[in-house]
Amino acid sequence: FDDGCYDDLQDSSLAQELVVNGTQTVIESFLEKETAMTDEPRDPVSEACYIVELGYMTSIVCDLLDGYTKMDDARFSTLTWLRPILSSLIESNTKSIRTSVQTLVSRSFDT
């Protein structure tokens with residue numbers, strides 16, 4: 001038994017866990033922020049700060065989804081855990097996010 005091979009498998013498993021958890025956390029944070037945007041009344045100053053913060057979160061989610069879009073089909077097809085996470089974004093208020101999600105969901109059925 002080659003310990004180097006075991007270490008590679010363990011590292012790969014830890015890396016995948018990090019990507020899965022990181023993706024889920026970013027998307028959950030974005031959805032909480034987006035939902036709170038419409039649900040919570042604020043004074044004008046905190047409202048402006050909140051809008052800027054939501055803009056940053058939107059940019060992060062768009063970049064993340066773009067990264068998944070750019071993956072080759074072989075790697076993308078291994079991301080079976082991604083589809084349930086994407087489904088939570090399908091009703092986002094942000095059109096660019098909905099469009100990216102629709103592209104990724106469609107692609108997941110094609111691969």
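The legends below describe close-up views of one predicted model.

Residue numbers start from 1 along each chain as its sequence is written. In this predicted model, local features need pLDDT of at least 70, side-chain atom pairs count only at pLDDT 80 or more, and totals for chains, interfaces and linings use all residues, while side-chain values rest on heavy atoms, with hydrogens and water left out.

**View 1. The protein chain has five helices and zero strands.**
Helices (H or I, at least four residues) and strands (E, at least two) are DSSP runs, numbered from the N terminus. Read along the sequence, the pattern is α-α-α-α-α. The chain has 111 residues, of which 28% count as buried. Buried means under 20% relative accessible area, exposed means over 50%, and partly exposed lies in between (1.4 Å probe, protein chains only). A contact is a pair of residues with heavy atoms within 4.5 Å. Among contacts between residues at least 6 apart in sequence, 67% join residues at least 24 apart.

pLDDT is the predictor's confidence in each residue, from 0 to 100. Among the elements, α2 has the highest mean pLDDT (93) and α1 the lowest (83). Where pLDDT is low, the predicted coordinates should not be read in detail.

**View 2. The largest nonpolar core has 20 residues.**
A nonpolar core is a set of buried Ala, Val, Leu, Ile, Met, Phe, Trp, Tyr and Cys residues joined through side-chain atoms within 4.5 Å. The residues with the most contacts inside this core are F30, L65, W81, L82, L89 and I97. At least two core residues come from each of α1 (3–39), α2 (44–69), α4 (82–87) and α5 (95–110). Helix α2 supplies the largest share, six residues. In soluble globular proteins, nonpolar side chains tend to be buried together.

**View 3. Y68 and W81 form an aromatic pair.**
Rings of Phe, Tyr and Trp (its six-membered ring) pair if their centres lie within 6.5 Å; planes under 30 degrees apart count as stacked, over 60 as edge-to-face and the rest as tilted. A search of the whole structure finds one such pair. The pair of Y68 and W81 is edge-to-face, with 6.1 Å centre to centre and 75 degrees between the planes. Y68 belongs to helix α2 and W81 to the loop between α3 and α4, 13 residues apart, so the pair links distant parts of the chain. Both residues are buried. Leaving aside neighbours within four places in sequence, W81 is in contact with Q16, V19, V20, T23 and Y68.

**View 4. A salt bridge joins E53 and K33.**
A salt bridge is a side-chain nitrogen of Lys or Arg within 4 Å of a carboxyl oxygen of Asp or Glu. The structure holds three of them. In the bridge between E53 and K33, the closest N and O atoms are 2.6 Å apart. This pair links distant parts of the chain, with E53 in helix α2 and K33 in helix α1, 20 residues apart. K33 counts as buried because its relative accessibility is 19%. E53, at 36%, counts as partly exposed. Not counting residues up to four places away in sequence, K33 touches Y50, E53 and L54.

**View 5. D73 and R107 meet in a salt bridge.**
Their side chains are 2.9 Å apart, N to O. The pair links distant parts of the chain: D73 is in helix α3 (residues 73–76) and R107 is in helix α5, 34 residues apart. D73 is partly exposed at 47% relative accessibility, whereas R107 is buried at 14%. R107 also lies over the face of F76, at 4.3 Å from the ring centre. A charge sits over a ring if NZ of Lys or CZ of Arg is within 6 Å of the ring centre and within 35 degrees of the ring normal. R83 lies over the face of F109, at 4.4 Å from the ring centre.

**View 6. The side chains of D72 and R75 meet in a salt bridge.**
The N to O distance is 3.8 Å. D72 is partly exposed, with a relative accessible area of 42%. R75 has 56% and is therefore exposed.

**View 7. R42 is in the loop between α1 and α2.**
Its relative accessible area is 22%, so R42 counts as partly exposed. R42 touches A36, M37, E47 and Y50, not counting residues up to four places away in sequence.
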